[in-house]
Each structure stands twice: as C-alpha cells, then as structure tokens.
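Please examine the sequence and the three-dimensional structure shown here. The paragraphs that follow lead through the fold and then through several of its parts.

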Amino acid sequence: MKKSITQSTTTPLENGGTSPESGKKPKKKTGCLIAIAIVIVIGIIGSMGGGSSSSTNSDETESSSAAAITESVDSQTTAIAESTAAQEDPDIPTEYKSALAKAKIYSDHMYMSKAGIYDQLVSEYGEKFTPEAAQYAIDNLEADWNANALEKAKTYSDSMHMSKAGIYDQLISEYGEKFTAEEAQYAVDNLNADWNANALAKAKSYQETMNMSPAAIHDQLTSEYGEKFTAEEADYAIAHLE
C-alpha cells in the first residue's frame, strides 16, 4: 500500500482570543445614513434626467432604472437602520452587542462560516462569549455564506494550490471551515481556478522540497489521502515538471 503525505490545512482561529480589530467602530446615526441615501438617489435621478431623450422608450428605460435604484437604496437604508436600531436597543445586553460586532468582523474580513464563527465566539481559546450571546450574534448577523465560502475557496486555490476536491473537503470539514455541503459546492462550482496549474505548483513543491520522484509525486497528487487531483491534472503536472 502506498503511503501519502498529508499536508496540513488551516482551521478556524483558536489563538487565545486575538481578534482582527483594535477597537470598536463608532456608531453611525440612522438619520444621517437615510439622508445620505436620499441624496444619492436624487443625484442619480438628476444626472439621468440631465440629457435629452429622443424617444418614449428611452424615457421609460430611464424611469425604470431610477425606480430600481431607488428601491435598492431604500432596501439598503432599511437594513442599516434596523441594524443600528438593534445595536442601540437598551434592552439588548452589551455582551450580545459585542458578540454581534465580533461576528461581523469574522464574516466581513475573514470570510468564516456560520458554524465557524459561532465556535470562535464561544471558544475558551477564542472570544469566550456565552452561548446565548454567540447565538444572538449568529441570528442577527447579515452574511452571505455562499460568498464567504467562495472567498475561502479562492484563498486555498491561490495561496495553497489545492485541488477542487481538496478545497471542497476543507470547506466542509469539522476540523476545517465548517461550511455546509451546499455552500461548499457553490464555492467550488463558482471558483475560477486553473486546476492543472495548481497540480503543477504542488508537483514542483514536492520535487523541490522533498526530492520526490515523478512517479511518487503523481501518486501523491491523485491520492484520496493526499492532494486529490484528477489523474488528468496529475498527468499534466508531471509532464510539465522540469
């Protein structure tokens, strides 16, 4: 039986509670945000109406575009207002608000999964929030988990040159990123990666750092306990090794 060399992969932070921020962000006034949004809408509609229209269809198109922009801005303004109101609600414990602020940072800047963020919030080696505060944060966090999974997948592809199957497994692993199967599948399906190039980069790494033979490298690239590239991707890599 051939042994495969398993390379380590990253796991969610367990770093003693170090967070990627240095302090709390100043609160934004809801009224100001709404006012700004209204000004933006007026400006857009005004610029659209500045030119002359040569036909009724053109007028209708501009009108539809203005309505769509207005609806979009209104929706975003409402979301901001609701989020700000929740943060300023005196009935919500300060710990809950702090947990939500931390969760937002982990989502927006580290693209972590829902389960990964929760575990980081309650971890004794992480943020040490109570389960109740962490659950409040998760329940009130506005995040696109598919987008987060895709960003994580890009990182594994661009910086670690992992295979499609390897990235998928890392995304769903309970010791890895803890995304759902659906989120992980979305990520690999929408990831713009050159799998042949990734396989070649991995092959070069094995050759240069471990002095492995082409045959051994091929086996490592295709192993289910190794890199999990397809046979065709591994063939390409071996064929282009120096």
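A crossing of two helices is called left-handed if the near helix is turned anticlockwise from the far one by less than a right angle, and right-handed if it is turned clockwise. Helices (H or I, at least four residues) and strands (E, at least two) are DSSP runs, numbered from the N terminus.

This is a predicted model, in which local features need pLDDT of at least 70 and side-chain atom pairs count only at pLDDT 80 or more, while totals for chains, interfaces and linings use all residues. Residues are numbered from 1 along each chain as its sequence is written, and side-chain values use heavy atoms, with hydrogens and water left out.

The protein contains 11 helices and zero strands. Of its 242 residues, 31% count as buried; buried means under 20% relative accessible area, exposed over 50%, and partly exposed in between (1.4 Å probe, protein chains only). A contact means heavy atoms within 4.5 Å. Among the contacts in the protein with a separation of 6 or more, 65% are accounted for by residues 24 or more positions apart.

Consider now one pair of helices. Two packed helices are described by the angle between their axes and the distance between the axes. The axes of α3 (residues 94-110) and α4 (residues 114-122) come within 10 Å and cross at roughly 135 degrees. Axes are lines fitted to C-alpha atoms, for helices over the stretch in contact, and angles run from 0 to 180 degrees between N-to-C directions. Angles under 35 degrees count as roughly parallel, over 145 as roughly antiparallel, 65 to 115 as roughly perpendicular and the rest as oblique. Helices α3 and α4 are therefore oblique to each other. The crossing in which α3 passes α4 is right-handed. Ala-99, Lys-102, Ala-103, Tyr-106 and Ser-107 of α3 make the contact with Ile-117, Gln-120 and Leu-121 of α4.

Which residues of helix α8 are buried? They are Glu-183, Ala-184, Ala-187 and Val-188. Seen down the axis of α8, these residues fall within an arc of 130 degrees, so they line one face of the helix; the arc is that of the directions from the helix axis to the C-beta atoms. The buried residues of α8 pack against α6 (145-160) and α7.

The loop between α7 (164-172) and α8 (181-190) holds Glu-174. Glu-174 is exposed, with a relative accessible area of 57%.

In helix α10 (residues 214-222), the buried residues are Ile-217, Gln-220 and Leu-221. They cover an arc of only 100 degrees around the axis, which puts them on the same side of α10.
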